[in-house]
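Reader: I'd like to go through this model and ask what stands behind the labels. Can you take me through it?

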Amino acid sequence: MSITLSQYLTTAVQNNLIDSELSALISAVAQLSKDINDKVTHGALAGVLGMAGTDNVQGEHQKKLDVISNEIFVSGVEWTGSVAGMASEEMDDCLVTPSQFKRGKYLITFDPLDGSSNIDINAPIGTIFSITKAPEGEITNESFLIPGRQQVAAGYVMYSPQTILTFSFGKGVVMFTLNMNTGNYILTKENVQIPATTEEFAINMSNMRHWAAPVKEYVKDLLAGKDGPLGKNYNMRWVAAMVAEVHRVLCRGGIFMYPWDNRKPEQPGKLRLMYEANPMSFLIEQAGGAASTGKGAILDLQPEKLHQRVPVFLGAKEEVARVEEYHKKF
Ligand code: AFP
């Protein structure tokens with residue numbers, strides 16, 4: 001008998017694993033993801049492809065679907081009575097829950113549509129979210145700057161052949177597949193585990209000449225295959241959407257990397273800490289993997305800015321440890 005998301009969350013509340021506000025918040029995210037899924041799957045038919053004609057705080061040109069997905073996410077959670085505020089890749093500053101709604105005990109941070117460069121080519125994209133406890137008092141951007149290890153829950157929705165909701169509230173990683181006929185998210189995987197070793201890596205190789213020495217050496221050794229120092233052949237993947245890369249790692253292992261490079265030397269990396277690296281690192285560690293900046297665990301970082309970036313190496317524990325060794329050595 002298939003278990004629906006609402007059954008799963010209701011049981012978690014009954015077993016005191018989560019409280020009703022967190023259950024309502026995760027349910028609301030699942031519900032709004034169906035609206036985003038509807039836009040994404042209709043694409044040109046819904047007139048949502050192409051550029052919005054605006055830029056976000058990152059200085060990136062926003063796609064129509066970036067803006068639409070952000071609006072869907074905000075209106076999908078503000079009424080729940082579970083959040084005191086929210087922050088998004090697509091909004092310069094945080095948004096305090098409007099006074100007409102009950103203030104809740106959580107903060108939610110999200111990338112409403114990750115992988116925007118994939119939208120117009122019908123490649124995988126996703127929504128990423130991170131939930132932390134709201135501090136007492138007024139909510140400001142600083143309220144969100146909580147180390148990733150203190151996340152209460154985190155997850156993503158991947159829009160691809162299947163629409164899959166993956167999350168954890170600290171008791172392992174679960175995956176729900178959307179039944180497009182009934183509109184129900186059905187439990188399809190629980191207690192997800194990442195193998196400690198792998199033969200598959202993901203990195204954007206076109207940036208090789210821009211990497212720091214440790215990463216150049218490490219990838220060179222990966223490419224050397226079984227006759228090289230690592231003694232095995234590796235396969236490579238690059239989907240250009242972090243949600244798809246992390247989903248693959250959770251499903252079959254691997255290591256995903258987006259290191260610092262000298263194209264924008266003042267930036268520590270491309271990926272954002274608060275709504276990409278932290279939620280994904282939470283999931284990876286919950287699944288027995290590791291997530292590192294190359295020098296230490298991402299979840300231990302003390303955030304300084306809402307939209308700060310971070311280098312990311314995540315996945316198979318032994319492979320991530322090897323990357324950290326290369327950073328010590330070179
Ligand atoms: P966009 O949202 O701008 O497409 O960036 C997606 C992303 O932040 C992350 O999801 C991908 O892993 C990574 O960037 C892809 O970066 P490249 O386009 O440089 O390969």
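**Labels and their cut-offs**

Author: Let's start with a polar contact: a polar side-chain atom of Asp-114 sits 3.1 Å from the backbone nitrogen of Met-242. This is a predicted model, where local features need pLDDT of at least 70, side-chain atom pairs count only at pLDDT 80 or more, and totals for chains, interfaces and linings use all residues. Residues are numbered from 1 along each chain as its sequence is written, and side-chain values use heavy atoms, leaving out hydrogens and water.

Reader: Why is Asp-114 called buried?

Author: Because its relative accessibility is 5%, and buried means under 20% relative accessible area (exposed is over 50%, partly exposed in between; 1.4 Å probe, protein chains only). Glu-276 has 1%, so it counts as buried too.

Reader: And why is Pro-229 called exposed?

Author: Pro-229 has 59% relative accessible area, so it is exposed.

Reader: How do you know that Asp-114 and Glu-276 touch?

Author: Contact means heavy atoms within 4.5 Å, and Glu-276 is among the residues that Asp-114 touches. The UniProt annotation "binding site", from an unreviewed entry, covers both of them plus Asp-111; such annotations may be inferred rather than shown by experiment. Though spread over 166 residues of sequence, they cluster in space, with a largest C-alpha distance of 8.4 Å.

Notes. A polar contact is a pair of N or O atoms within 3.5 Å; within protein, one must be able to donate a hydrogen and the other to accept it, and residues adjacent in sequence count only if both atoms are side-chain atoms. Lists of a residue's contacts leave out its neighbours within four places in sequence.
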